[in-house]
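Below is a short report on one protein model. It goes residue by residue, then turns to the core, the ligand and the backbone.

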Amino acid sequence: MILLNRSAMIRQTQIFQLSWTRYLSKERVKPFDAMPGLKALPVIGIMHHFIPFFGTIGPKNNFFDMFEVLYNKYGPIVKMEGMLAKGTMVMFFEPDHYDKIYRAEESPAPLRMGFEALVYYREELRKERFDGVYGLTTAQGEKWREFRTKVNPALLKPKIVKLYAPGLEEIADELVSKLWKMKDHPEALSREIESEITKWSLESVALVCLGKRIGCLQDNLSDDHPAKALTYCSKSIPDLSFKLEFAPRFINKRNSSWFKQLMNIFDLQWEVSEKYIEDAKRSINEKGQATPEEDQSVLEKLLAIDEKVAVMMANEMLFAGIDTVAYAVTGLLYNLAINKEAQDKLRQEIRAQTSTKYLKACVKESLRLLPVLSANLRETSKDYVIGGYQIPAGTFAIAPNEYLSKLEKFYPRAKEFVPERWLVEKTDPIHYGNAHPMVTLPFGFGVRSCIGRRIAELEIETLVKRLLDKVEVQWTGPPLKVSTKVINSFKKPYHFKLVPAK
Ligand code: HEM
């Protein structure tokens, strides 16, 4: 009897709790419309918020500055209506909030919107050429998963990527000797360093991709050298795409000169890379015998699996693998130049040749402070309730990683370059593990994270080893500033100085 009463009581309590929770959640979950942030106007979108003096935000050079204003003004969840042509963005300043979405979206295939113009180019304008194979940057859903499953092993297996090290060392040595020649000519160094690093980056990714040198580090490269066209494309595509994505709604984008220019640049990028790819395919066929795996380029490995995928992946590598790596290595050299102690410590490790732990920590720390992309992005495929708000399917969920990575609440001495935080014991207060694991994501998150990560890391490590062994890098000017055009870039001029290393 007593037992029965007890279970009846428990049931009563459960029913009461259930209805109370329902009541609570009804009360507390606010509609999407109630979320604070920037509202769009019918014709101009949100452009007016960025007008000098009058706009709520004002003009901003980079996403970091924009995120800072939005966070301070609106708090941890901020909505931006119509920021990108297609939808509404929500910026989450609490890692737990976007963590929930990013993890839930891992399966079956995370959605990350591609640039509208590139999607149009591949899926409409040059539909016949692509024939349904769109590449990682624009494919979605099952098409993306199928493509990614085919290319993952060739690009991401550390054992396979390491095999390119000797070729990358040769390329790094060429850049070092070119920079060395400029060390007594500061103006030339300041003028040339960006393009030399960009050419090194292209030469390196081309070697991994095509299995051959394309010769863009040679002296006096002629203006009609195809490598120049590729570096031009890799800079102009994000610039123009950015202008178009953020242009006010009243502009008919497809009729704009930017759009036409961009379509021509996509054609140029495709034609030049196609020539390189065809040339590499010819060399592979002419060999007539199977190459041992350790000598195969990414293209050769992928050709054995699926020709269309191989060509598309090679094309994307010759675009996505240029400015990204050039920016990352320039940022690292800058951080080492303004932190002489860290640079000396790194040089000691390089010369001892017994470990690369400090080098890897320097790369991570530099990407924490100067990431190539300020933020990560996922599109929600279903409805969520996050931080007390309803978030509908089709929302762009932004993780403002660069901004969060520089907050003291996640990293002590957050704005300083402290590679040690990636190496110290867990008990040390500066240990990186004290920050939420979703705060710093320079290569993105999960199954859709950067496919070029291992290649990029190897290229950067190889160059820094070769350079610092010989050269001390100094910085003689004011702090380096960042501007964002989809990917981050540095404002010129550069003030690097190179002196012989002791
Ligand atoms: C330091 C250099 C680099 C950085 C910091 C970087 C960063 C990123 C980030 C943040 C993403 C988005 C990931 C996500 O949504 O979760 C991405 C995607 C991608 N990256 Fe990189 N990247 C770098 C170098 C490269 C290189 C060298 C290549 C080519 C070999 C490359 C090719 C790609 C491609 C194709 C994607 C799309 C992947 C997909 O959607 O499946 N990246 N990268």
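L333 is found in helix 14. Helices here are DSSP runs of H or I with at least four residues, strands are E runs of at least two, and both are numbered from the N terminus. L333 counts as buried because 25 C-beta neighbours lie inside 10 Å. The cut-offs are these: a residue is buried if 20 or more other C-beta atoms lie within 10 Å of its own, exposed if 12 or fewer, and partly exposed in between, with C-beta atoms placed from the backbone. Leaving aside neighbours within four places in sequence, L333 is in contact with V473 and F496. Contact means that the two C-beta atoms, placed from the backbone, lie within 7 Å. P110 is 223 residues from L333 along the chain, and their C-alpha atoms are separated by 34 Å.

The model is predicted: local features need pLDDT of at least 70, side-chain atom pairs count only at pLDDT 80 or more, and totals for chains, interfaces and linings use all residues. Residues are numbered from 1 along each chain as its sequence is written.

**Core**

In soluble globular proteins, nonpolar side chains tend to be buried together. Here the largest nonpolar core has 131 residues. Such a core is a set of buried Ala, Val, Leu, Ile, Met, Phe, Trp, Tyr and Cys residues joined through C-beta atoms within 7 Å. C209, L299 and A314 have the most contacts inside it. A314 touches C209, L210, S273, I277 and L299, not counting residues up to four places away in sequence.

**Ligand shell**

There are 26 residues around the ligand. A residue belongs there if its C-beta atom, placed from the backbone, lies within 6 Å of the molecule. G321, A328, G444, C450 and G452 come nearest. Helix 13 (307-320), helix 14 (323-337) and helix 18 (453-470) each give two or more residues to this shell. By class, the shell has 15 nonpolar, 7 polar and 4 charged residues. Ala, Val, Leu, Ile, Met, Phe, Trp, Tyr, Cys and Pro count as nonpolar, Asp, Glu, Lys and Arg as charged, and the others, Gly among them, as polar.

Where is C450 found? It is in the loop between helix 17 and helix 18. C450 is buried because 21 other C-beta atoms lie within 10 Å. Beyond its neighbours within four places in sequence, C450 is in contact with F443 and G444. The UniProt annotation "binding site", from an unreviewed entry, covers C450. UniProt positions follow the numbering used here, feature names are shortened, and annotations may be inferred rather than shown by experiment.

**Backbone exceptions**

Most residues other than glycine have a negative phi, and most peptide bonds are trans.

| Site | Feature | Angle |
|---|---|---|
| S107 and P108 | cis peptide bond | omega about 0° |
| K492 and P493 | cis peptide bond | omega about 5° |
| D131 | positive phi, not a glycine | phi about 45° |
| R413 | positive phi, not a glycine | phi near 55° |

P108 sits in the loop between helix 3 (95-104) and helix 4 (116-125). P493 lies in the loop between strand 10 (487-490) and strand 11 (496-500). D131 is in the loop between helix 5 (127-130) and helix 6 (141-156). With 9 C-beta neighbours inside 10 Å, D131 counts as exposed. R413 lies in the loop between helix 17 and helix 18. R413 also counts as exposed, with 11 C-beta neighbours inside 10 Å.

**Two lysines**

K301 is found in helix 12 (residues 298-303). Its 19 C-beta neighbours inside 10 Å make K301 partly exposed. K301 touches A154 and Q296, not counting residues up to four places away in sequence. V151 is 150 residues from K301 along the chain, and their C-alpha atoms are separated by 9.1 Å.

K502 is in the segment after strand 11. K502 counts as exposed, with 6 C-beta neighbours inside 10 Å. K502 and D344 are 158 residues apart in sequence and 9.3 Å apart in space, C-alpha to C-alpha.
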